[in-house]
Each structure stands twice: as structure tokens, then as C-alpha cells.
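User: Please take a close look at one part of this model, the sulfur bonding. Then tell me what surrounds that part and which other local features deserve a look.

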Amino acid sequence: MKFFCGFLVLLSFFSMACWSPKATGQSPDSSRTARGLDAILQDYAYRGIRPPKTGVVYEAEPPANLAGIKLAAMRLRSGSLRRKGVESYFEFEIPVGVVEKPYVERLVFVYQNLGNWSSSYYDLQGYSFITPVLGLLAYDAINLSAKNLSELSINATGQPISIRFSNVLAVQGGFTPQCVWFDLDGLPKFTNLVSSDNVCSTSSQGHFCIAVNSSAFPSPPVQPPSVSPPLPPSFSPSKKSNSRKWKIVGGVVGGFLGLVLLSLLLVWALRKRQSKKIAQMEQQSETGEALRMATVGTSRAPVAMGTRTPPVLENEYVP
């Protein structure tokens, strides 16, 4: 009986699991931060350095949920970086005299172009980006399989590092674009453009963009709501959704009824088997050893068979 009850419990759980509605998606991660993004992009940038060669730019693919971000890595010797610099690394021009702290034999410059993700990770109240946010971060290259590395502190001791932005939105007259540098803590610092060619400069690493006061972009005129044409009678989203709901309800009810019928069938089979055993036991109890019938006077009575060995007295001496 315990086995039967356990079987019913398992069957009920299986039926509920089969008929319960399933989730079709996952809630987005709302705890993402700019520092968390840097750690993820560092990991994926290091994966793209195959095989590792010095001075070669390796473009890497970000994770699928961050599609649209441009990512690359370049491995350099510290001494070569200090003596020669890097003439062109996408929008960045790294001059001679750049040193890192703490000192490492080799380092990796991770390049980021956040594209449409710029305002998702970096926000300036009252300002709008007219360029994507670009990132230049330095890491130790001793282990290209390492994750969650801390950034090295770089410093341009001679000429500053130049950022020549190429994808710049047009700005109406009367508004002055400004360079914005975000440090590793996400704090912004505003400076003027170096030239009219949309060039900014920095002496350290971080994230960079060009921004302008938000009033330079007037809100578009409000368009009257367009009246959509009526749907044909053969297509009705409400009827379709109601039909789907009824199908789900019908499936759940049908599964429950099937479970009840199966349970009743098992109970009936168990009782039938038990009653059959009881009948066999009663029949065996009523059936004993058959006795011969003998006529005694005018009636018949069962007579036991004689014993095979006649009784003998233990002591045959009779006084």
C-alpha cells in the first residue's frame, strides 16, 4: 500500500510538471555596471589573442548579449611601448614615454567601442553623447587566460595620448562640444577639444567621448497618433489569445481527469486482487482431509480410517 501511495504521488507530480505553463524568457540582469562590463570585455579580449604575438591587433567578439560592441586587444613589451609608442591603435595615438605602474614585462591594451551601449553604462545628466564611448585599458599580459584582472595605471610622461574621433554627430551652431573622460570609478572630467578635427587628449587610461549640452538637440515635434486600419474579421488577436488560454485550461483539466481515472483503476485492481486472495484462503480452510462415510442405523456419518499400527501396551505382563 505504501508503494501504491508513493506511485500516486510521483504520478501527480509528473502530471503537474507536464501541464504547467513554462516560462519563455528570462528577466534581464539589472545589476550590470561599467566595472562589470570591463571585466567581461577583458576576458573576451584575451580569448582573441591566438596565437600571441607582440604588436599585433587582435579583434575579438563580445558575448552575444553585448552585440554591437567593438573589442580588440594588442600585446606589447613595456620597454618598446616606452621607447616607440603606438602610432595608430584605432582612434588612439600613443606617443613615446608612456609608462605603467606597477611595472610588468608585457602588457595588453584592451580597446572598447561601446557603440549603442554607451549611454547604458555611462550617463551624463544634461548632456548627450555625439560620439560612442571609447575605452583604452591596460592589463598585465603574463597570463592570457586570467580573468577579473586589475587595470594597470598608465601615465604619459611626454606628449599626451590623442583620441581622434571619426564617428561624430552634427551639432547645431552655438553649442560647444566637450571632451569627456571617465576614470575607472566612472567619474567624468570635462576638457576642451584639442582641435576642430574632433581630437581629445589624455595622459591616463579610461573611457572617452565627446558630449554636448542636451538642449542642442531639440525634441522632435509630436506627431499625431496614426489610426491603424481595422483588422480583417478573420484575424482577431483577442480570440487567438482566448483560444490559447482555453487550450491550456482544457489540457490541465484533461490531465487531472486522466490522473483521477488512472488512480481509480489502480484502486479497483488492488481490491480485486485482495478479494481473490481472501476467497482462495477461505476455500482452502473449508477443504480438509476427506473422510469415508458409513451407514449407522438409518443415517450416514463420517468414519475415520483405521490406524496403520495397532496400539500395543507398554507392559504386556498382566497379573
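Analyst: A disulfide here is a pair of cysteine sulfur atoms within 2.5 Å. The model is predicted, so local features need pLDDT of at least 70 and side-chain atom pairs 80 or more, while totals for chains, interfaces and linings use all residues. Residues are numbered from 1 along each chain as its sequence is written, and side-chain values use heavy atoms, without hydrogens or water.

Start with the bond. Searching the whole structure turns up 1 disulfide. The partners are Cys-179 and Cys-200, with sulfur atoms 1.9 Å apart. The link between Cys-179 and Cys-200 is left-handed, with -85 degrees about the S-S bond. Cys-179 sits in strand S11, residues 178-182, and Cys-200 sits in strand S13, residues 199-202. The pair therefore ties together parts that are 21 residues apart in sequence. Strands are DSSP runs of E with at least two residues, helices are runs of H or I with at least four, and both are numbered from the N terminus.

Cys-179 is buried, at a relative accessible area of 2%. Cys-200 is buried too, at 3% relative accessibility. (Buried means under 20%, exposed over 50%, partly exposed in between, with a 1.4 Å probe and protein chains only.)

What about Cys-209, and how far is its sulfur from the closest cysteine sulfur? The distance is 8.2 Å, and the closest cysteine sulfur is in Cys-200. That is too far for a bond. Cys-209 is also buried, at 1% relative accessibility.

Step back to the whole protein. There are 5 helices and 16 strands. Of 319 residues, 29% count as buried.

Next, the backbone away from the disulfide. Two cis peptide bonds can be checked. One runs from Arg-50 to Pro-51, with omega near -10 degrees. Pro-51 is in the loop between helix H2 (34-47) and strand S1 (57-60). Another joins Lys-101 and Pro-102, with omega about -10 degrees. Pro-102 lies in the loop between strand S5 (98-101) and strand S6 (106-113).

Positive phi comes next. Phe-90 is not a glycine, yet its phi is positive, at about 60 degrees. The loop between strand S3 (86-89) and strand S4 (92-94) holds Phe-90. Phe-90 is partly exposed, with a relative accessible area of 27%. Asn-148, also a residue other than glycine, has phi near 55 degrees. Asn-148 belongs to the loop between strand S8 (134-140) and strand S9 (153-156). Is Asn-148 buried or exposed? It is exposed, at 62% relative accessibility.

Back to the part you asked about. Cys-179 and Cys-200 form the disulfide, and Cys-209 has its sulfur too far from Cys-200 for a bond.
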